[in-house]
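You asked for a colleague's reading of this model before you look at it yourself. The points below are meant to be followed with the structure open beside them.

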Amino acid sequence: MMRRKVTVLTVLLVVAGVLYSAWVAEFFLDTGLDPAHSFLSELDAADQPYEHLFSTADLITGLLLIAASGIGLWVLARRPLTTVGWIAIGIFGAATIADSQLPIECVAENDPSCPVEPSGLFPQLHHIHALTSTIAVFAVFTAMIAFTVAAFRYGILPLVRTAGTVVLVITSVATAWLMIADNLPGSYGLGIAQRIQVTGMSLFLVVLGFALPSREGTPSR
C-alpha cells in the first residue's frame, strides 16, 4: 500500500514538472513572441491565440501539485524540512492556479491598442498576476531549498543530493540573472533567463518525484 501511494506521488510530481514546461510548445506554434525577450506570462495573456493551451497546462499543474503536497504530508514521515517542502509545493500549486486564472490582459508587442505600462520591459508587473507569480517563485524556491537541505541533513533522497543540487544551482543563477538584468537598461536576454529558471523548477519536480521511490526517500509514518 505504501509503495502504491509513493508511486502516485511520483507520477503527480513528474507530470506536474512536464506540464510546467508546456511553454516549450511556443517553438512549434506561431505565438508572435520573441523567446529571447518575452516573458512566459505573455504566452497566456488574454489576447494571445494559444492562451487556453498554456493557461490550462498551468491550471492542471497547480492541481497536481496541491494533490502531491497533501499526499506527501500524509504518506511520508514528517520531518521539519520536508514538511516545509511539501507545504511550499502546495503553495506553489495554488499560486500557479491563480496565475492561470489571472493572466495579463494583452501584449503590447502584438497589440498596438494595448496600453504601454511605465515599465515597458515588464508589463505584467503592473497586474495582480505579478503577485501570484512572485508567490509561486518564492514557494518553489522554498521547496527546492528545503528538500535539498533535507536530503543532506537527513541522509535521504539521494537523487536530490546529486541532480537536485545541480538543478538548484543552475536555477538560482538564472534567477540572479533575471533580478540583476531587470535593473539594467535593455533586456539582456531576460526571456532566456526566465526560461532557464522555469526549466530548472520543472526539472526539480521531476527529480524529486523520481527520488521518492528509493528506500531512503520513503520512510513510513
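**Notes on the model**

1. A place to begin is V18, which lies in helix α1, the element covering residues 2–19. Please bear in mind throughout that this is a predicted model. V18 has a relative accessibility of 53%, and because exposed means over 50%, this residue counts as exposed. In sequence V18 is 181 residues away from T199, yet in space the two are 9.4 Å apart, taken from C-alpha to C-alpha.

2. As for the overall make-up, the protein chain contains six helices and zero strands, so that, read from the N terminus on, its elements follow the order α-α-α-α-α-α. Of the 221 residues in the protein chain, 50% are buried. The protein chain exposes about 10300 Å², and 70% of that area is supplied by carbon and sulfur atoms.

3. The contacts within the protein chain also deserve a comment: if one takes those between residues at least 6 apart in sequence, 76% of them join residues at least 24 apart.

4. How do the axes of helix α2 and helix α3 cross, and how close do they come? Helix α2 covers residues 51–75 and helix α3 covers residues 80–101, and their axes come within 7 Å of each other while crossing at roughly 160°. Since angles over 145 degrees count as roughly antiparallel, α2 and α3 are therefore roughly antiparallel to each other. The crossing in which α2 passes α3 is left-handed.

5. The residues that make this contact can be traced on both helices: on the α2 side they include S55, D58, L59, L63, I66 and G72, while among those contributed by α3 are T83, W86, I87, F92, I97 and Q101. Sorted by class, the contact of α2 with α3 comprises 12 nonpolar, 11 polar and one charged residues.

6. Is T148 buried or exposed? Its relative accessibility is 6%, and because buried means under 20%, T148 counts as buried. When the neighbours within four places in sequence are left aside, T148 is in contact with V160, T165, L168 and F204.

Methods:
Residues numbered from 1 in each chain as written. Predicted model: local features only at pLDDT ≥ 70, side-chain atom pairs only at ≥ 80, totals over all residues. Heavy atoms only, no water. Helix = DSSP H or I, 4+ residues; strand = E, 2+ residues; numbered from the N terminus. Buried < 20%, exposed > 50% of the residue type's maximum accessible area, 1.4 Å probe, protein only. Contact = heavy atoms within 4.5 Å. Areas by Shrake-Rupley, 256 points an atom, 1.4 Å probe, with all protein chains shown as cover. Axes fitted to C-alpha atoms, helices over the stretch in contact; angles between N-to-C directions. Parallel < 35°, antiparallel > 145°, perpendicular 65-115°, else oblique. Left-handed = near helix turned anticlockwise from the far one by under 90°. Nonpolar A, V, L, I, M, F, W, Y, C, P; charged D, E, K, R; others polar.
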